[in-house]
Amino acid sequence: MEIEYFAAGPALMVTGEQRILVVADIHMGIESDLRIHGVHLQSRGAERTSRLLELVKDSTPDIILMLGDVKHRVPGTSWQEFRELPSLFSELRQHTTIRVTPGNHDPGIEEFLKPEELLPKEGSLLDNLGVLHGHTRPDPSLAGHLILAGHHHPVVSLADEVGIALRSPCYVLAELRSEIFDTPETDETTRLLMVPAFNEFSGYGIEKTFRSPFSPLSRAVVIETAECLLADGTYGGDLSSLIRYERQDCT
Amino acid sequence: MSVKTVLDPRISACIADRGFEEFSEVQERAIPRVIAGEHLLLIAPTGTGKTESAMIPVFNQMLSSGAGSGKGFTTLYITPLRSLNRDILHRMEWWCNRLGFTVGVRHGDTTQSERRKQTLSPPDLLVTTPETLQAIYMGRRLREHLKQVRFVILDEIHDLAGTKRGAQMSIALERLVRYAGEFQRIGLSATVGNPEEVARFMTGIRPFTIVEVPVTKHIAITVELTGDRFEDQVRLIRHHLKEGPPTLIFVNTRATAESLGLNLIKDGGIDVHHGSLSRDVRIEAEERFKRGDIRALICTSSMELGIDIGHVDHVIQFGSPREVSRLVQRVGRAGHQIGRVSRGTIIASGFDDLAESLVITKRAIAGEVEEVVPTYQAGDVIANQIAAMSVEYGEIPTDDIITVLSGSAVCPDAASIVPMVITQLSEHYIIRKDGVRVITTGRARKYLSNNLSMIPDERKFPIYDMVSRRTVGSLDESFVVTYLHTGAVFIARGHLWRVLEMEEGKITVEPAKTAEGELPSWEGEQIPVPFEVAREVGTLRRTRLFCDYSSDPVVIRYAEAYLEAVETNRGIVPTDDIITLEQIPEGVVINLCAGHQTNEVFGRVISILISARWGTTVGIELDAYRILLRLPREVVAGDVLEIIAGLEPGHLRAILEVALKRTSLFRWKLVQIAKKFGAIDADADYERLSMHRLSELLSMPAIQAETYRELFSRYMDVIHASEIVASIRNERIQLVIGPPSMIGASGIFSHRDQIPPPTADQAVLATIKHRLAKQEVILACMNCRKWKIRTVVDRVPDSPVCGNCQAKLIAALKPYEEEQYGLANKKTKNAQEKEIERRLIKNANIVLSSGKKAVLVLAAKGVGPDTASRILATWTEGDSLYREILKAERNFIRTHRFWQ
C-alpha cells in the first residue's frame with residue numbers, strides 16, 4: 001500500500017488493490033450557515049466542486065471516498081445545498097465511483113446519493129482500510145487496520161524562534177488504544193490517520209483537539225507516539241512536541 | 001464699530017445679563033463673519049469664548065429669521081464627545097431660556113422618553129454627536145426635522161478632521177444638504193498646521209473664511225530635567241504642587257496616571273482622571289476641581305478637549321508630549337483669562353525624552369503645529385454612507401451617490417471608487433445593484449444600526465493565569481494582535497507575564513520572572529513621534545546647540561555630557577545625517593532619527609528583505625530614534641548595511657504590500673474593515689472560521705484596497721522613508737557601522753511585530769532545523785565497540801571521537817536503535833545480526849567521512865545509512881541540505897509507513 005498526498009486538496013491517494021482518492025469534510029453549503037453566524041460571503045461551492053474535479057481528473061482514481069460532512073446544514077438541507085450538491089455528485093460520477101461515509105452534518109445526504117454509494121456510518125472496510133467520518137465509535141471490525149477519518153479538521157501551528165510563522169492543515173497519524181472497540185477482534189495495533197478538512201474555511205488547532213479531546217477517536221489516540229504530517233506529506237514532527245504549552249527556549 | 005451695534009437688542013440684553021464688559025478678540029473678529037452668512041473656521045485656544053463666538057451670531061440670525069416655530073431642528077451643534085455635549089447643553093440652556101428657543105441634547109445616553117419627545121416636538125437647537133446624527137437619518141419621522149437645518153456648528157473639529165469619524169460626518173453633511181438645502185457651517189478648532197485643509201474638510205466645495213487667534217502667542221513653556229528614578233520624578237511634581245495654584249498634570253498613559261496617583265493622592269487635594277475610569281468617577285473629579293476642592297488633577301488625553309473645569313493656572317506635562325499639537329493643546333488649558341499667558345512645564349527624564357521635549361517646546365513657541373490630514377477616499381466610510389443612503393431613500397441612482405460624495409472634501413475622486421465599493425457591498429448582500437441604481441436589502445438596516453460609528457469596536461481579551469487559575473485582567477484587541485505571540489512577555493497590572501497560548505479569545509499566561517529589555521505594556525496608548533520632530537532631534541544631536549533650546553544650565557550640561565560620554569566610549573552619535581548600525585547579541589540596532597511611522601517602514605522593509613534572503617523570521621522593535629532587528633547569528637550588521645544601501649526609494653511600498661499580508665496587523669485591520677463593509681457582522685463570532693484562511697478569502701478588491709490605504713496613512717509613512725532612502729543614495733546621509741552605544745541601547749522598544757518568512761517552505765525548514773538540532777542520538781564506537789553516549793545533535797562535535805579508544809569510527813543511532821549496538825557486538829551472530837553489524841559499520845564510515853553533518857542526516861526520520869550516503873553525495877549545504885532531508889522523510893512516509 002502506498003499513500004500520496006495532494007496539498008492542493010488537501011487530499012490523499014491510497015493505492016492498494018484499488019486507487020482511492022480520499023477527501024474529508026467538504027461542507028458544501030457552509031456559506032448559508034456562516035451567514036447565520038454573521039459572516040456574509042458569496043457561495044464558494046462552485047470553486048470547491050472544481051477543485052475536487054481537478055484532483056479527480058488529474059489523479060484518475062478508481063474510487064473517490066468522501067469521509068463525511070459533505071453537506072453542512074443539520075438538521076435538514078439548505079437551498080444552497082439543493083443547488084450545489086446534485087451537480088457535485090453528477091460531475092464526479094462521470095469520472096469515478098463515489099463512496100461516502102456519512103458524518104454528523106450528513107442527515108439528508110441519502111437524497112443525493114445512490115444506495116451503493118453510501119457506506120455505514122459506524123465504519124467499514126474498504127480495500128483493507130477502515131473508513132468512517134469519526135464522530136462515532138468505530139465498528140469492531142476496524143480493529144487492527146489503518147483507519148482513515150475526518151471530523152477533526154486538524155490544523156498545526158509551526159513555531160520558530162520568534163513566533164508562530166505558519167498555520168497549515170495537517171494529518172495526524174496515531175496509534176489507537178484498544179479500549180475504543182467494545183470487543184476487539186484482533187491484537188494487531190490499530191492506527192488512525194486523521195484527514196484534514198477539504199473545506200477552506202474549516203480548521204481546528206490540534207493543540208486544542210488533543211488537550212481537550214471531543215470525540216471517541218481523539219480520546220483514544222496514544223499521544224506519545226503520534227506524529228503530524230503536513231498537507232503535502234512532509235513530516236511535521238511528533239504530536240506531543242507540537243501541542244506542548246511552552247515554546248522551547250533557544251539558548 | 002463695535003460688534004454690539006449690529007446685534008439684536010434681545011441678544012445685547014443677554015450679554016449685559018451675562019456680565020460681559022467687552023468681547024474678546026476672538027468674538028470681535030468672528031461674530032461679524034457669521035452674521036454675514038459666511039462659512040467660518042474659527043481657530044482659537046479652548047475657553048476663550050469660542051462657543052459664544054459662534055452661538056451669539058447664530059442666535060441673532062435665528063431671531064431675525066423667525067426660527068423657533070418648533071417645526072424642526074434649526075441648528076445642530078456637533079461635538080466629538082458626550083461629556084462635551086453635557087457641558088454645551090448647560091451653557092446653551094441659559095441663552096435659550098432667555099431668547100425663547102428650545103434646546104435638547106441627543107446622544108447614546110439620552111433616555112427613550114426624551115427621544116420620543118424630540119421626535120414629536122423637535123428642539124430648535126440640538127446638541128449631538130456625529131454618530132447620533134447618523135442615527136437620526138434612520139428614523140423616518142425624525143429625519144423630517146432635519147429639513148429645517150440652517151446652521152451647523154462643528155466643535156473641536158481638529159479632533160475629528162483626521163479620522164474616519166470625521167470623514168463619515170463630512171459625507172453626512174452633504175447628505176444633509178440634499179435634505180435641507182445649503183446651510184451655514186461654523187467650525188471651532190484648536191491650532192492646526194494646515195487651517196485651509198481643515199476648512200475645506202468642513203465646507204467641501206464651498207468658499208470659507210478663517211479667523212485664527214494663535215494660541216502660541218500666549219504660552220510659556222519650560223523643560224525641566226529629573227532623574228530616571230520614579231521617586232525623583234514624583235518628588236519634582238510634589239515640589240511644583242507646593243506652589244499651590246490649580247494644576248493639571250498630563251501623562252501619556254493610563255498606567256502612569258495610576259502610578260502617579262498612587263504616590264500623590266495620599267498628599268491630599270489631588271485626583272486622577274482618565275478614560276478607563278467610569279463616567280461618574282470622572283465627572284466627580286471634574287466637579288471637585290472646578291469647585292476648588294482639589295488643587296491638582298492627574299489626567300490623560302481625556303482632558304485635552306474643552307470640557308469646562310474652571311480655572312487652571314499651571315500645566316505639568318509628565319514626559320515628552322510627543323507631538324507639538326498635543327503640547328499646545330494641553331498647555332492651552334492653563335490661564336484662560338484673556339491676555340493671560342498659559343504656563344506649562346515639561347518634566348523630562350533621560351536623553352531621548354529631554355531632547356524630544358526641547359524640540360517640541362521650541363516648535364510650539366514658533367507655532368509649528370502638526371497638520372491634521374483628513375481621511376481621503378476611505379473605502380469603508382464610503383461603503384457605510386452608500387448603505388446609509390440606500391436605506392434612507394430605498395433606492396438611489398449611482399450618479400446621485402457620486403454627486404453627494406463629490407460635494408465633500410473627503411471624496412475628491414468619488415467616481416473612481418464608488419463602483420468598486422458598490423460591487424463589494426452587493427457581494428455581502430448590503431445592497432442590490434440594479435443597473436444604474438442601488439436598492440436597499442433586508443440586511444441593510446440591521447447593518448446600519450450596528451455600524452453607525454466608524455470607530456472600530458475593540459474586543460477585550462481576558463488574561464487567564466494558568467498558575468493561579470484565575471483571570472487577572474483583560475487586553476485590548478489591538479494590543480493582542482500587534483504585540484503578542486506565543487512566548488511573548490508583557491506587563492499588565494504591574495506584573496510580568498509570558499503568553500502560553502492564544503486561543504478562543506483568551507490569553508493564557510504564566511507569571512514570568514525575568515525579561516530582556518523594556519517590554520510592551522498594554523496600557524501604552526501609542527502616540528507616534530512625528531517625522532519632523534525626530535529629524536530635528538537628529539539635528540540637535542549634530543549641532544549640540546542646546547542653548548538655543550533651553551536656558552537651564554542643568555539641562556544643557558546634562559545633554560552635552562551625554563553625547564560626550566557616547567563618544568568617549570568610542571560610540572558614534574547618530575544624527576540627522578548619520579545613521580549608525582550597532583551589532584548587539586540579540587541582533588542589530590539601526591539608529592535612525594525619523595519618527596515611529598518612518599522607522600516602521602524601514603524596520604519592516606529591511607526585515608522582509610532579510611527574511612527573504614536568509615529564510616528566517618525577523619523580530620522588530622522600534623521607537624522614534626532606533627530600530628532593533630532580532631536576528632539569527634548568521635546575519636550581521638554588515639549584511640544589514642548592505643541591504644539598506646541597496647534600497648530603492650520607489651520600491652518601498654511595493655515590498656511592503658506583498659509582505660504586509662502575512663502580518664497580524666494586516667489581518668486584524670482587514671477584519672475590522674470587512675466588518676464596516678458588512679462582510680462580517682459587528683458581533684460575529686468569526687473565530688468559528690480558521691482565521692488564517694479567512695484573511696485570504698477576504699482579500700476582495702475594495703476591502704483590501706482600504707486596508708492598504710489605512711495602513712499606509714496611519715501606521716507607515718512611505719513618503720518620508722523614501723526621502724531618507726534617496727538621501728542615503730546621494731550620500732547626504734551617511735551609513736556607518738559603530739560599536740554598541742548608550743544611544744543604541746536606550747529607549748523604549750515598545751513596538752513589536754514579526755515578519756514571517758515569505759513562503760510556507762521557510763517555516764517548514766525552520767521547524768525541521770529546530771527539530772533535528774534537538775533530536776536525541778546515540779553515538780557508538782564501532783572500533784573498540786565499548787563506548788556509547790546519548791546526546792542531542794546540537795551538541796555533537798564537528799568530528800566525533802570515541803571517548804575510550806579515540807577512534808573516529810562512530811555510528812550515529814536513533815534512540816530506538818540502541819539495542820542494535822549490543823546485537824552487532826555479539827560474539828556469534830545470525831544472518832540478521834550480521835546485517836545489522838554491516839549497516840552500523842556503514843553508518844560509522846559515513847560519520848567518519850562527513851562528521852556532524854552525517855549525524856544530522858542520520859537523525860532524520862527513516863533515514864538509514866543508504867539514504868544518508870545518497871543525501872550526503874549531493875554535496876548540499878544549509879537550506880538545500882535540509883530540503884534533501886525533507887524529501888527523504890517524505891519518501892519514507894509515502895512508501896513505508898503504512899505497511900502493516
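Me: Where is H27(A) in chain A?
Reply: H27(A) sits in the loop between β3 (19-23) and α1 (30-36) of chain A, where helices (H or I, at least four residues) and strands (E, at least two) are DSSP runs, numbered from the N terminus. This is a predicted model, in which local features need pLDDT of at least 70 and side-chain atom pairs count only at pLDDT 80 or more, while totals for chains, interfaces and linings use all residues. Residues are numbered from 1 along each chain as its sequence is written, chains are lettered from A and ligands numbered from 1 in the order in which they are written, and side-chain values use heavy atoms, with hydrogens and water left out.

Me: Is H27(A) buried or exposed?
Reply: H27(A) is buried, with a relative accessible area of 3%; buried means under 20% relative accessible area, exposed over 50%, and partly exposed in between, with a 1.4 Å probe and protein chains only.

Me: And which side chain does the side chain of H27(A) make a polar contact with?
Reply: The partner is the side chain of H153(A), at 3.4 Å. A polar contact is a pair of N or O atoms within 3.5 Å; within protein, one must be able to donate a hydrogen and the other to accept it, and residues adjacent in sequence count only if both atoms are side-chain atoms.

Me: Which residues is H27(A) in contact with, leaving aside neighbours within four places in sequence?
Reply: They are R48(A), D69(A), V70(A), K71(A), H72(A), H105(A), H153(A), N199(A) and S202(A), where contact means heavy atoms within 4.5 Å.

Me: Staying in chain A, what about R83(A), buried or exposed?
Reply: R83(A) is exposed, with a relative accessible area of 58%, and its place is in helix α3 of chain A. The C-alpha atoms of R83(A) and L148(A) are separated by 29 Å, the two residues being 65 residues apart along the chain.

Me: What kind of peptide bond joins G9(A) and P10(A)?
Reply: That bond is cis, with omega about -5 degrees, and P10(A) lies in the loop between β1 (2-6) and β2 (11-15) of chain A. The peptide bond from V74(A) to P75(A) is cis as well, with omega near -15 degrees, and P75(A) is found in the loop between β4 (63-66) and α3 (79-93) of chain A.

Me: Switching to chain B, how many helices and strands are there?
Reply: Chain B has 36 helices and 30 strands, and 59% of its 900 residues count as buried. Among the contacts in chain B with a separation of 6 or more, 73% are accounted for by residues 24 or more positions apart.

Me: At what angle do α14 and α15 of chain B pack?
Reply: Helix α14 (residues 324-331) and helix α15 (residues 351-365) of chain B pack at about 70 degrees, with their axes 9 Å apart. That makes α14(B) roughly perpendicular to α15(B). For the terms, axes are lines fitted to C-alpha atoms, for helices over the stretch in contact, and angles run from 0 to 180 degrees between N-to-C directions; angles under 35 degrees count as roughly parallel, over 145 as roughly antiparallel, 65 to 115 as roughly perpendicular and the rest as oblique.

Me: Which residues meet there?
Reply: V324(B), L327(B) and V328(B) of α14(B) meet I360(B), T361(B), R363(B) and A364(B) of α15(B). By class, this contact has five nonpolar, one polar and one charged residues, where Ala, Val, Leu, Ile, Met, Phe, Trp, Tyr, Cys and Pro count as nonpolar, Asp, Glu, Lys and Arg as charged, and the others, Gly among them, as polar.

Me: Why is α14(B) largely enclosed by the rest of the structure?
Reply: Seven of the eight residues of α14(B) are buried, so the helix is largely enclosed by the rest of the structure. The buried ones are V324(B), R326(B), L327(B), V328(B), Q329(B), R330(B) and V331(B).

Me: What about R322(B), where is that?
Reply: R322(B) is found in the loop between β12 (314-318) and α14 of chain B, and its phi is near 75 degrees, a positive value in a residue other than glycine.

Me: And E156(B), buried or exposed?
Reply: E156(B) counts as buried, at 3% relative accessibility, and is found in the loop between β5 (151-154) and α8 (157-161) of chain B. Its phi is near 50 degrees, a positive value in a residue other than glycine.
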